Amino acid sequence: MSRANAYYITSPIYYVNDAPHIGHAYTSLACDALARFMRLDGREVKFLTGTDEHGQKVEKAASAAGEAPQAFVERMSRRFSRLSDQMGFTNDDFIRTTEQRHVASVQRLWRELAARDQIYLGVYAGWYSVRDEAFYTESDLVDGMAPTGAPVEWVEEPSYFFRLSAWQDRLLEHYENNPDFIAPETRRNEVISFVKGGLVDLSVSRTSFRWGVPVPDDPDHVMYVWIDALTNYITGVGYPDTAHPEYRRFWPADVHLVGKDILRFHAVYWPAFLMAAELPPPKRVFAHGWWTNEGRKISKSLGNIIDPVALVERYGLDQVRYFLLREVPFGNDGDFSHRAMVSRMNDDLANDFGNLVQRVLSMVNRNCDARVPEPGALEDADEKLLAAAHALLDELRDSFARQSFHTALIRLWEVIGAANRYVDEQAPWALNKTDPARMRTVLYVLAETIRHLAVLAQPITPGGAGRILDQLAVDEGARGFASLGPDGALVPGTPLAKPEGVFPRYVEAGQGAR
Ligand code: MSP
């Protein structure tokens, strides 16, 4: 397949020292929705996720758990691959930075940089707090202590540096020439002013711990996290083999989705590393916002971490996927609350979408001999609803290309709203007695509108959308976007199974079903 048809999307690789939480699930979910959308649109997709397994924190966490680092990372990494299964993520690969393919890749990138004089040996010095496990600059200190109040000590150790400072102008030029490289816009502006403020060379090795990729030709050093972590995106497509079919097809990546806290690494360090090694930078980096929990910052010490699997068990997978991508414009911060979750799942999914499908398919079942009805001549109202359904594909393509998931969903729900109003206006239940031919036309128009809605909802709510398409007897092979529009229309006379509800309501304990 040609490069133009390929689509490469990545999530961050997650630190294994934490249990999977909402932040991990959120970025991967957005990637998954985009990957599914592009596949349904006929693109050849590669969706990569995985785990970031090196560094001092992992070394310490392993020793605290009384385990060898390798055994520890094996065990912890599995929690993330399991999360992918539990959330229905369709990643095509799962990369781990301790894999041989990655060690070979990052060592090769290092050599390419060293060969171009982009890396040199110097001394890393700073105020270190053992308690915070963090370095501070002189200006960070408050009365000689860390801003957290922890004592600090001056430490110096030999370190390799990447000549990041030399890339300032070329980075700015790159941002200027590629206005879509960083999104959203406000984040782009932040990165640009950060780079304009001046870049200093970046420490890329350590001698103070061992759990990392050894620096080629200097085994006292291991690589320091970001050069190791970021390189996963090219390892995943076969680097250092730049003739690898996947590398040729998929690099540069179409989009790296990341949280706002790690945008700088992706939008500054990563393109600088790549340009310095004479490799093309990714096409786009999109930074999403952070979730709070019932209005409060999420933190381990507050004990209010949101476990994505517990959410799915409580509300359902489609429901959680829909909520996370609908509630907050992708790129903004947002709040998770039980109330908002229930309102989305009951109002939008159960009432608006679920009831539309249930009402229409029950009437088809009862009044049309459980077959797709035969339509007669179309009236204006029919044409209008179908035209809105047909227009959705282009509108959603535009939204997904901008990672604007919530606008895609708003658009889908506008058509769901229009279909519900059309049902009320046309009153097909009354036509059953007065004008059965017209009733069949109305129900056909509705069934065809629902087919469009379900096909296009698959990337976000794959379970419910699939069940709607099952109930419309749409073949598995006819659920891609190529089937949208009149050519793939439902065939009158096709027998349909008895309809069943697709989006259950959330019932508060003690309230009983309504
Ligand atoms: N290992 C690095 C990334 C390397 S990528 C080459 C890392 N790992 S992480 O496990 O900390 O990743 C966490 C991801 O979860 C980040 O994208 C971060 O933005 C996201 N979130 C963590 N807490 C979050 C919220 N409360 N809300 C939304 N996302 C948040 O960083």
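Student: How do the residues of the shell around the ligand divide into nonpolar, polar and charged?

Tutor: Bear in mind that this model is predicted. Start with the residue classes. The shell has eleven nonpolar residues, nine polar and two charged. In total, 22 residues surround the ligand. The closest are I13, D52, G259, D261 and W291.

Student: Which element gives the most to the shell around the ligand?

Tutor: Look at the secondary structure next. β1 gives the most, with four residues. At least two residues each come from β1 (6–15), α1 (22–40), α7 (226–230) and α8 (232–235).

Student: Which polar side-chain atoms lie 3.2 Å from an oxygen atom of the ligand?

Tutor: For a polar contact, look for N or O atoms paired within 3.5 Å. H24 has a polar side-chain atom 3.2 Å from a ligand oxygen. W290 also places a polar side-chain atom 3.2 Å from an oxygen atom of the ligand. The backbone takes part too: a polar backbone atom of W291 is 2.9 Å from a ligand nitrogen.

Student: How much area do domain 1 and domain 2 bury between them?

Tutor: About 1200 Å², with 69% of it on carbon and sulfur atoms. On the domain 1 side, F37, L40 and D41 supply 50% of the area buried against domain 2, more than any other three residues.

Key
Residues numbered from 1 in each chain as written. Predicted model: local features only at pLDDT ≥ 70, side-chain atom pairs only at ≥ 80, totals over all residues. Heavy atoms only, no water. Near = heavy atom within 4 Å. Polar contact = N/O pair within 3.5 Å; in protein donor to acceptor, adjacent residues only side chain to side chain. Nonpolar A, V, L, I, M, F, W, Y, C, P; charged D, E, K, R; others polar. Buried area = accessible area lost by both parts, 1.4 Å probe.
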